[in-house]
Amino acid sequence: MGARWAETVRQKRRSPGFAVCVNLLAMAVMVLLMRPSFETNDDIVFAEFGSGLRGVKDAHLVFQNYILGLLYRFLYQVTGRLPWYTIVQYAVLLAAFSAVTYVLMNRLEGYSGLYLSVIFLCCFGYEAYIHIQFTKTAGIAAAAAVFLLLHLVSRERFALWEFLWGIGLGFMGFLYREDQFWASSALMAGAGVYFLLTLKKKYSGKMLRKLGICAGSFIILLISAAAAGAVDSYMYNDSQWKEYQEFNGLRSKLLDYGFPDYDSSAETYQELGISREAYELYKTWNFNDPEKFTSETMEKLVREKTGRTFHISQVVSFLKRFPSDLSKLSMAWFGLVFLAVWLIFAGKSFSAVISLAFEGILLCAVYFYLYYQGRYMVNRVDVGLWCSVCLVILWIISDRRLRAEKTGIFLCAAVLAASQFMWKDDWRITTSSIPEARVSQRAVLETIGTDKDHVYLAKSGTVSEIVCYGPFDRMPENLLDNLYWLGGWECRTPGIIEKMEEHGIVNPYRDMINNDRVYLIDNQIDLTLAYIREYYDRDAEAVFVRTLGNVDLYQIKS
């Protein structure tokens with residue numbers, strides 16, 4: 001019986017079903033051993049807009065494509081009892097990792113492709129499944145799509161289902177995060193260079209046909225991405241969303257990349273009427289004052305900050321940091337493992353050396369761009385970039401017979417053991433207190449949500465859904481339609497503004513004064529009070545109402 005099963009596995013190991021089963025098993029093991037979580041607040045806001053937790057169901061997701069927003073809305077309408085946002089993202093990740101396993105199993109003899117897939121999953125599967133973040137998903141999907149399409153082109157026969165799999169993956173990567181799609185796809189260029197350098201040798205009589213299939217496949221992917229981008233742009237074409245997009249672009253340049261220093265730009269701040277207290281308040285993401293923190297104000301601050309020009313000293317400064325900074329990235333170490341496999345076990349060639357050298361130069365260029373833009377060493381971006389780099393190395397490795405069949409299982413075991421230094425912080429046994437804390441924090445939100453007689457305004461960092469709801473928790477529809485934050489990119493979206501206006505709140509800082517229906521959740525009440533006194537009411541006082549869980553409630557009275 002065992003021999004028959006082993007023979008069946010040997011026969012099916014090159015099938016897509018085998019790749020999917022392997023990755024389903026790997027995903028299940030990771031989720032059972034570790035506790036998944038959202039890496040940033042952004043993902044939980046997208047889940048809220050789909051499920052309607054805040055009373056707003058909107059397909060405008062700002063950072064994700066509108067088409068993806070429509071998909072979430074449809075699925076949550078089918079049944080809101082399932083965490084569709086997480087399910088869809090896991091499905092895309094499973095398809096991406098299965099594509100990598102499938103390609104490696106078909107390009108390498110025996111089970112060498114499986115061993116390399118296990119090593120690949122130790123890092124990128126962990127980053128994707130356990131620390132969920134949509135930018136990572138976009139990068140992994142885009143890189144896997146290019147990897148699969150290159151395999152399609154290199155095969156003797158054209159397989160339509162492989163083509164659709166690759167196009168679908170790339171399309172989903174674009175929907176999740178356009179910028180990361182382009183960056184991760186571009187970093188797959190090393191594999192493309194290797195393909196072109198070896199084209200004549202492998203396909204001397206079919207060069208034009210192979211080039212045509214290659215060009216056609218990627219052109220279709222680009223056309224589908226452009227169509228999705230056009231749909232997204234069209235859906236933001238009305239005046240409210242245009243105004244928001246302008247606001248959000250400026251907000252990002254200040255909140256994500258930093259305000260100009262107050263002392264160095266004191267004259268500009270004074271001209272704009274921004275006191276030091278207001279500066280400190282805005283820096284903590286509590287900027288939702290539509291009268292003072294306007295697009296015009298932000299534009300002047302951005303102009304003040306970005307007056308610098310490119311200088312060679314910036315390159316020198318970057319090069320002093322860049323090589324050593326890579327040692328802090330776990331995925332860079334996995335890249336070194338694959339590089340070592342190539343050096344020790346795989347055949348080397350001039351084409352491989354040229355392609356890897358080109359990939360290294362391209363990686364340096366991308367990192368310098370991120371350094372210059374202020375997005376240097378951001379984990380959710382780095383994961384997608386290094387996924388591409390590792391797949392380029394794997395593409396070159398899998399072009400030759402890999403002399404590591406017998407040592408593969410030991411290499412997998414060593415990497416898996418070393419990975420536990422990353423995984424240990426997320427083991428369920430070491431995160432046993434999270435469920436209790438989550439229930440406790442959820443009780444606070446549910447108490448707020450059931451008090452429909454009051455409107456709650458929360459300072460950033462006081463209460464957070466990311467503490468209360470995990471990726472697989474159900475979000476009750478309309479629970480928090482009376483809770484609004486004084487910060488966050490979503491606080492000025494048209495849907496949130498409309499809901500606030502229904503409660504009679506246009507400017508939270510002004511409209512909370514002497515409003516018996518409004519409770520303020522605050523952990524720096526003195527700073528908030530100083531701001532309100534300076535701009536709206538000199539006689540304002542903060543009246544303590546009560547403590548709810550771990551947060552304090554206030555009302556502002558004059």
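Tyr269 is buried, with a relative accessible area of 0%; buried means under 20% relative accessible area, as calculated with a 1.4 Å probe on protein chains only. Its partner in an aromatic pair is Tyr262, which is also buried, at 9%. This is a predicted model, in which local features need pLDDT of at least 70 and side-chain atom pairs count only at pLDDT 80 or more, while totals for chains, interfaces and linings use all residues. Residues are numbered from 1 along each chain as its sequence is written, and side-chain values use heavy atoms, with hydrogens and water left out.

The structure holds 46 aromatic pairs. Rings of Phe, Tyr and Trp (its six-membered ring) pair if their centres lie within 6.5 Å; planes under 30 degrees apart count as stacked, over 60 as edge-to-face and the rest as tilted. Two of these pairs are set out below.

| Pair | Centre to centre | Angle between planes | Class |
|---|---|---|---|
| Tyr90 and Tyr129 | 5.2 Å | 50 degrees | tilted |
| Tyr262 and Tyr269 | 4.7 Å | 25 degrees | stacked |

Tyr90 belongs to helix α5 (residues 84-107) and Tyr129 to helix α6 (residues 112-129), so the pair links parts of the chain 39 residues apart. Here a helix is a DSSP run (H or I) of at least four residues, numbered from the N terminus. Both Tyr90 and Tyr129 are buried.

Another buried residue is Pro508, with a relative accessible area of 1%. Pro508 is part of helix α25 (residues 508-511). Leaving aside residues up to four places away in sequence, Pro508 touches Asn288, Pro290, Leu457, Leu486 and Met500, where contact means heavy atoms within 4.5 Å.

Conventions: Helix = DSSP H or I, 4+ residues; strand = E, 2+ residues; numbered from the N terminus. Buried < 20%, exposed > 50% of the residue type's maximum accessible area, 1.4 Å probe, protein only.
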